[in-house]
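Please look over the structure shown below with an eye to its pockets.

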Amino acid sequence: MPNTARLAMLATRPRRSALFMPANNAKAIAKARTLPADVIILDLEDAVAPEAKEDAREGALKAAYTGGFGHRELVIRVNGLDTPWGADDLEALARAGADAILVPKVASPRDVLRYHEALTGAPTELQLWTMIETAGSVLRLDEIGALAKSTRLSAWVIGPNDLAKEMRSRQTPDRMAIAPMLALAVAAARAHGLCVLDGVCNEFRDLARFSAEAEQGAIFGFDGKTLIHPAQVDPCNAVFSPSQADLTWAQAVIDAFALPENAGKGAIQVAGKMAELLHLDDARRLVALAQRIAKATA
């Protein structure tokens with residue numbers, strides 16, 4: 001299947017909450033199988049000390065082969081190819097049964113191509129996700145996104161901590177320093193049919209701050225948000241789920257365009273508001289997303 005067709009199929013897969021778990025923590029992985037997160041990301045990179053990298057790889061392998069994640073998408077973040085562990089991570093995990101491999105520190109289209117080529121022997125359904133966490137990647141969002149047509153690339157994950165480190169910027173509750181980059185990342189992702197997830201909120205004990213940051217991400221248009229603590233899952237799902245008001249409007253738009261008298265029209269009135277065909281497309285996406293959420297949580 002061409003990657004563009006696969007991206008269209010994945011567009012309504014719920015990815016509201018994507019929880020990072022260290023791959024060398026068996027208890028955390030067991031708990032992950034019980035949480036209402038849409039995505040579990042087993043981490044071999046930032047969350048794992050150098051001396052524990054090989055144990056983490058074995059933990060990710062065991063978890064992937066064992067399965068039991070149900071409706072949850074299983075993603076494994078590997079170490080970069082420029083590290084002592086990256087090549088072995090990719091070789092070991094490419095056929096382990098994960099849904100996607102997440103790669104760090106991408107700075108250019110060439111980096112994406114290197115990972116795509118390294119996964120040549122992997123199952124065709126294995127996705128490639130990349131972190132957007134370097135100044136170089138932000139400057140090349142359109143070029144990197146364009147590779148979705150010809151590679152496994154299907155999703156981006158914002159990495160605000162590494163991005164702030166490279167920029168020497170301060171992280172504030174309003175995320176003022178990186179707000180323009182967040183908007184550009186969403187725009188580039190949409191231009192190329194990619195899923196895009198907002199970065200982590202470090203203040204995992206302050207759920208009010210987390211919820212405010214998640215709301216900001218939803219306003220930007222992100223599909224969901226990456227998390228570092230199980231307590232963040234429920235508020236994240238709440239923010240990124242279609243509201244009842246949105247679904248009522250979406251169904252009204254779908255029903256109105258289906259009426260015989262509106263056949264062939266590009267714009268109609270729905271409940272006193274103007275609705276165009278672009279609103280119909282978004283309405284169908286919202287309803288399909290809500291249906292998949294309901295099915296996953298049934």
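The model is predicted, with local features needing pLDDT of at least 70 and side-chain atom pairs counted only at pLDDT 80 or more, while totals for chains, interfaces and linings use all residues. Residues are numbered from 1 along each chain as its sequence is written, and side-chain values use heavy atoms, with hydrogens and water left out.

A pocket is an open set of points on a 1 Å grid over the protein atoms alone, where a 1.4 Å probe fits, with protein on both sides within 12 Å along at least five of seven lines; its lining residues have an atom within 4 Å of a point. A volume is the space filled by probe spheres set on the points, which are joined across faces, edges and corners.

| Pocket | Volume |
|---|---|
| Largest pocket | about 810 Å³ |
| Second largest pocket | about 300 Å³ |

The largest pocket is lined by 38 residues, and those closest to its centre are Ala-11, Arg-190, Asp-223, Asp-282 and Arg-285. Helix α13 contributes the most to this lining, with 6 residues, where helices are DSSP runs of H or I with at least four residues and strands are runs of E with at least two, numbered from the N terminus.

For the second largest pocket, the lining has 21 residues, and Phe-20, Asp-43, Arg-77, Val-200 and Ile-228 lie nearest its centre. The elements that give two or more residues to this lining are β1 (17-22) and α8 (160-167), and β1 gives the most, with 4 residues.
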